Amino acid sequence: SEPGRLRTWFETRVDRLEVVQASANGVNIAVTYSRRDRGGRVLSSCEAMLLVVRRDDGWKVQAISTI
């Protein structure tokens, strides 16, 4: 840590997750997540769209678009 520097958020929570489109090799997922302080108070909330693809015998995030 740096002297005098305050970390503003403690954790990130997924508040909503919705599969928008799915196939055998890919999934589009709409996500709302929030950044929270140590007490659980919401500091900010964001929406994002994730493209998750099946590759090399596993699922991997290929792209993220935030709103």
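Visitor: Leaving aside its neighbours within four places in sequence, which residues is L51 in contact with?

Guide: Once those neighbours are set aside, L51 is in contact with V27, N28, K60, V61, Q62 and A63, where contact means heavy atoms within 4.5 Å. Please keep in mind that this is a predicted model, in which local features need pLDDT of at least 70 and side-chain atom pairs count only at pLDDT 80 or more, while totals for chains, interfaces and linings use all residues. Residues are numbered from 1 along each chain as its sequence is written, and side-chain values use heavy atoms, with hydrogens and water left out.

Visitor: Okay, and where is L51 found?

Guide: L51 is in strand β3; strands (E, at least two residues) and helices (H or I, at least four) are DSSP runs, numbered from the N terminus.

Visitor: How far apart are L51 and I29?

Guide: In sequence L51 and I29 are 22 residues apart, and in space their C-alpha atoms are 6.6 Å apart.

Visitor: Let's zoom out. How many helices and strands are in the protein chain?

Guide: The protein chain has zero helices and four strands, and from the N terminus on its elements run β-β-β-β.

Visitor: How do β1 and β2 pair?

Guide: Strand β1, residues 11–22, pairs with β2 in the antiparallel sense over 10 bridges, and two strands count as a pair if DSSP finds at least two bridges between them. β1 and β2 form a hairpin with three residues between them.

Visitor: Why is β2 called largely enclosed?

Guide: Nine of the 11 residues of strand β2, which covers residues 26–36, are buried, so the rest of the structure largely encloses this strand. For the protein chain as a whole, buried residues make up 22% of its 67 residues.

Visitor: What about S34, is that residue buried or exposed?

Guide: S34 lies in strand β2 and counts as buried because its relative accessibility is 1%. Not counting residues up to four places away in sequence, S34 touches E11, T12, R13, D15, V42, S44 and S45.

Visitor: Which side chain does the side chain of S34 make a polar contact with?

Guide: The side chain of S34 makes a polar contact with the side chain of D15, at 2.9 Å. A polar contact is a pair of N or O atoms within 3.5 Å; within protein, one atom must be able to donate a hydrogen and the other to accept it, and residues adjacent in sequence count only if both atoms are side-chain atoms.

Visitor: Switching to the end of the chain, how many bridges join β3 to β4?

Guide: Eight bridges join β3 to β4, and these two strands run antiparallel; one of the facing pairs is R55, which stands opposite G58 in β4. Their hairpin has two residues between the strands.

Visitor: What is the phi of D56, and of D57?

Guide: D56 has a phi near 55°, a positive value in a residue other than glycine, and D57 has a positive phi near 60°, again in a residue other than glycine. D56 is in the loop between β3 and β4 (58–66), and D57 is placed in the loop between β3 and β4 as well. D56 is exposed because its relative accessible area is 63%, and D57 is exposed because its value is 77%.

Visitor: Last one: which ring does the charged end of R35 sit over?

Guide: The charged end of R35 sits over the ring of W9, 4.4 Å from the ring's centre. A charge sits over a ring if NZ of Lys or CZ of Arg is within 6 Å of the ring centre and within 35 degrees of the ring normal.

Key: Buried < 20%, exposed > 50% of the residue type's maximum accessible area, 1.4 Å probe, protein only.
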